[in-house]
Each structure stands twice: as C-alpha cells, then as structure tokens.
Amino acid sequence: MESSLFLKGMLLGFSIAAPVGPIGLLCIQRTLTNGWLYGFLSGLGTATADAAYGFIAAFGITAVSAFLISQQFFLHLLGGLFLLYLGYTIFRTLPADPATTSSTKNTLSGSYSSAFFLTLTNPMTLMSFAAIFAGLGVQTGSTWRETYIQPAFMVGGVFLGSLLWWLLLCGTVSILRPRFQQTKLHWLNRLSGLVIGLFGLLSLATL
C-alpha cells in the first residue's frame, strides 16, 4: 500500500512540476546564465514548497490551510509583484562568463529561497493537493498507519517526483549551455525577463 502511494506521489509531483511556467522559465534562465547548480537549487526550492503544501493537505492541517486560502489575495499580490521584480532584474542582468560563474551576484541561497517563496504564493496548489489526495484515499484515519505512515509516503513521493523533473530539466539545459554564446544569453535574459514579467502582470490581473 505504502509503495503504491509513494509511486503515485512521484507521478503527481512530476506532473505538477512539469508544465513550463514562470518557475520553469526561471530555472532554465538561471541554468544557462549561471550554471546547473543555480537552476537546480531553484527547482529544489519549488519542490520543497510543493512538499510543504502536500504535507499540509495530506495531514489535514486545517488551521494552516484555511489561513493560507483566506490570504490568497495577498499571496497572489506578493507573487505577482515578485514576478515583476524578477522579470525586471533578469531583463537587466548581463550573462556571466562560464569561467567566472562563481562571482555572479546571484547567490545559491537566493536561487533556492526565491523559487521557494514564489511557489508558496500560489495557495491554489494546496487546494489541488487536497482534492487529489482525497481522490486517492489519502486522509487521516483511525490507525497510526493511516494517520502518519501513508500520508508521509505520499508527500515523500511528491517531493522526489518534483525533484526528478527539475534534475532532468536543468541537466538537459546544462548540456546545451555551451552552445549559447554571450550574445545569445544576453537576449535570452531579455526575453526571459519580459515573459516572467508578463506572468506577474497576469497574476495581478486575476486579483
């Protein structure tokens, strides 16, 4: 039973992470501009946030989920403004030379924390997890196994599935990175910044 839930969680985490949105574009841009580790840590931040929402949904922490859903207007507002800030910053960023990547202004902790925060500003992810987990029969039960073990396997699978997607994406982009010259990376930053900024405007438009 637990192994089945773990595999379902992996598929769920992979499928939720796979669609290319602002986070995916951010990971691609950071991988091409600064290197594989920066892109992967951005993906790790997203996977951690997904697992956190999955944890809340799987273990039925109603007080936390109710608070996050009630604050979704402000979370969307923060997320939209943060996307605009990221878009503006990326648009103005000059690509780092691969030989001097370590001197880039983007820190490893910043890559992780910015993606983590950005993912948390979408409380709809929590509602999606809650609905899917209920459909799969993952909910707190009367036994210790149903209350703790089964939800833990599901959440662990979600985290690993999401992480596998980011590993695959950033690894593939990193292999293609040597083909991008500085001029191409400069225009990639401009395009990525514009698109991420548009995601921010769309997020604010839905308020």
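**Exercise 1.** Which residues in helix 2 are buried?

*Solution.* The structure is a predicted model, in which local features need pLDDT of at least 70, side-chain atom pairs count only at pLDDT 80 or more, and totals for chains, interfaces and linings use all residues. Residues are numbered from 1 along each chain as its sequence is written, and side-chain values use heavy atoms, with hydrogens and water left out.

Step 1. Buried denotes under 20% relative accessible area, exposed over 50%, and partly exposed in between, with a 1.4 Å probe and protein chains only. Helices are DSSP runs of H or I with at least four residues, strands are E runs of at least two, and both are numbered from the N terminus.

Step 2. The buried residues of helix 2 are Ile23, Gly24, Leu25, Leu26, Cys27, Gln29, Arg30, Thr31, Leu32, Thr33 and Asn34. This amounts to 11 of its 13 residues, so helix 2 is mostly covered. Over the chain of 207 residues, 44% count as buried.

**Exercise 2.** Describe the packing of helix 5 with helix 6.

*Solution.* Step 1. Axes are lines fitted to C-alpha atoms, for helices over the stretch in contact, and angles between N-to-C directions run from 0 to 180 degrees. Helix 5 (residues 72–92) and helix 6 (residues 108–120) pack at about 140 degrees, with axes 9 Å apart.

Step 1. Contact requires heavy atoms within 4.5 Å. From helix 5, Leu75, Leu78, Gly79, Phe82, Leu83 and Leu86 meet Ser114, Phe117, Leu118 and Leu120 of helix 6.

Step 2. These residues divide into 8 nonpolar, 2 polar and no charged. Here Ala, Val, Leu, Ile, Met, Phe, Trp, Tyr, Cys and Pro count as nonpolar, Asp, Glu, Lys and Arg as charged, and the others, Gly among them, as polar.

**Exercise 3.** Is Thr121 buried or exposed?

*Solution.* Step 1. Thr121 lies in the loop between helix 6 and helix 7 (124–135).

Step 1. Its relative accessibility is 6%, so Thr121 counts as buried.

Step 2. Leaving aside residues up to four places away in sequence, Thr121 touches Leu75, His76 and Gly79.
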